[in-house]
2 protein chains.
Amino acid sequence: MHLVTIDDIRSAAARIRGDVLRTPLIPAAWAGPLWLKPENLQAIGAFKVRGAFNAIARLDPDVRARGVVAYSSGNHAQAVAYAAARYGIAAHIVMPEETPRVKVDATRSHGAQVVLCGAGQREAVAADVVERTGGVLVPPFDHPDIIAGQGTAGLEIAEDLPDVEAVFVPVSGGGLASGIGTAIKALCPGARVYGVEPELAGDTAEGLRNGRRANWSIEDRNRTIADGLRSQPSDLTFAHLQRVLDDVITVSEDEIRGAVRDLALRAHLVSEPSGAVALAGYRRAGPAGRAVAVVSGGNIETALLRDILAG
Amino acid sequence: MHLVTIDDIRSAAARIRGDVLRTPLIPAAWAGPLWLKPENLQAIGAFKVRGAFNAIARLDPDVRARGVVAYSSGNHAQAVAYAAARYGIAAHIVMPEETPRVKVDATRSHGAQVVLCGAGQREAVAADVVERTGGVLVPPFDHPDIIAGQGTAGLEIAEDLPDVEAVFVPVSGGGLASGIGTAIKALCPGARVYGVEPELAGDTAEGLRNGRRANWSIEDRNRTIADGLRSQPSDLTFAHLQRVLDDVITVSEDEIRGAVRDLALRAHLVSEPSGAVALAGYRRAGPAGRAVAVVSGGNIETALLRDILAG
């Protein structure tokens, strides 16, 4: 199995420059010696554009012209739809029926065709669409090009804060944590890299503890408010996570809500629950030195944001 | 009267580097060929740190050691308190009693002493405090060092988007618009610079139309939800505004609320009403080419943010 290297990530960074926002590190002294990496400020409100642009840019032009297909609970969907529109190619996006409305609408707004499906049926339905349209599947995390693309956020962290001591990254399918972890371990070998998961979708924490992937039911994983963190690593991302994560921290639903609230009121950043878990994990971990928490996305339903702000 | 020059602004930029976040331009394609300058991401949630750090850095060390005094409806207060704490000097801040609680608490959290006063009494009370403490007054806008400090945001806009065609900036006391306008006119002479005001505090629009400062009662100006835009220009800032603004656009309270809502839900930025007027002005102006709207601050009361999000 080929694991992504820092050279892959550097190549991805060169490839997607101009399509993706280079987010700054924002000091968050109110929370400690902490900096936030605000990926919620990306065009579609999440880091997912990094991997999507890298994967689509890497396709052979003849192949790319047939269009792309993706399945996603939301942000990857928007990212592929957005990148496809920038490349002027068709996009079919398979989304579970329970996906927040704001994410379905946003995906359609980029000109993609959305195919709704039952929970757990995404991969199968996407395979059907690939067969029917001839398009290329852009997977949400299980591909070296996706991992390398997400890793560009880690490259930027290392450039902006070379003496960083700890990096906190949400874990779901594991593409972001694999990529950022690979970049940080290569460029800041003294820094620790922590994955953060909701307790209610803590399969990766369990899996890394036991040395093999854990399998939680989709019903269990759907319990968390963090709707972007309900996937599980693949063999490929799990192998990366085993190599680059120092630990996985799990956080409660209340801790996640508190982090969303504080990001809005103290950092002036709107985050979705999945985007706030890294801050929650930083707090749960206790003193970690000069740290970065990745705010991975901001696509939250308005009613939920209002509810969380009510405290 | 000495008007601030681009050299003053360049010197200020060198002086405050390291103390102030260099904010990126964030594409806001959902609103047009528009970029946002998110000054709400500064440490105290507003651009005011730029002027405060520049003014305090410029003081003679012996003078600075006596501490600083400021009067402000909020964000300048926090900025001076924050900068004073970084310099290890005392800060007394005079604030009107109707100041949003979130801003009073934030100012105290930086270790400053807050002196509350009646509406319209700020300048007089601040003068008393200066006499009593021997501290130096750091005015909110009526000083070349403040204007040059705020102008550093304009320098960054010109660096990041040299072919910018229009820049939208909120106007109240006029320090930010004076500084940004000076930088843009020097570096991007083809770009238009628009001040934006609430209709309910439209003294500068009226004043520039008539060629002399207008004076609206504080009761009138207090009607706007944009509590940071209730001041009026001084002779110094008015002279700058006459030279650097192409026009002043006024916006309704509903337009301001709509801009706060869209910044939260589409750009994932929490803004205060004063911080959202530039986006509202951009929309009111109609097509303006490649434009920048300055999101000047994010310190909004939680209840008001919830109310605006309810639509």
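This is a predicted model: local features need pLDDT of at least 70, side-chain atom pairs count only at pLDDT 80 or more; totals for chains, interfaces and linings use all residues.
Reader: How do you know that the copies meet through the same surface?
Author: Residues count as touching if their C-beta atoms lie within 7 Å. By that cut-off, chain A puts in 20 residues and chain B puts in 20 residues. Of the interface residues of chain A, 100% are also interface residues in chain B, so the copies meet through the same surface.

Reader: Which elements of chain A give two or more residues to the side that touches chain B?
Author: Those are strand 1 (26-27), helix 12 (253-265) and helix 14 (302-309) of chain A. Helix 14 of chain A gives the most, with four residues. As for the kinds of residue on that side of chain A, there are 14 nonpolar, five polar and one charged.

Reader: Why do you say that strand 4 and strand 5 of chain A pair?
Author: Pairing needs at least two bridges. Strand 4 (residues 91-96) and strand 5 (residues 113-117) of chain A have five bridges, in the parallel sense, so they pair. I93(A), for one, stands opposite V114(A) in strand 5 of chain A.

Reader: What makes the crossover between them right-handed?
Author: With the strands pointing away from you, a clockwise path over the helix counts as right-handed. Here the chain goes from strand 4 through helix 5 (residues 101-109) to strand 5 of chain A, and this β-α-β crossover is right-handed.

Definitions and conventions. Residues are numbered from 1 along each chain as its sequence is written. Chains are lettered from A and ligands numbered from 1 in the order in which they are written. Two residues are in contact if their C-beta atoms, placed from the backbone, lie within 7 Å. Ala, Val, Leu, Ile, Met, Phe, Trp, Tyr, Cys and Pro count as nonpolar, Asp, Glu, Lys and Arg as charged, and the others, Gly among them, as polar.
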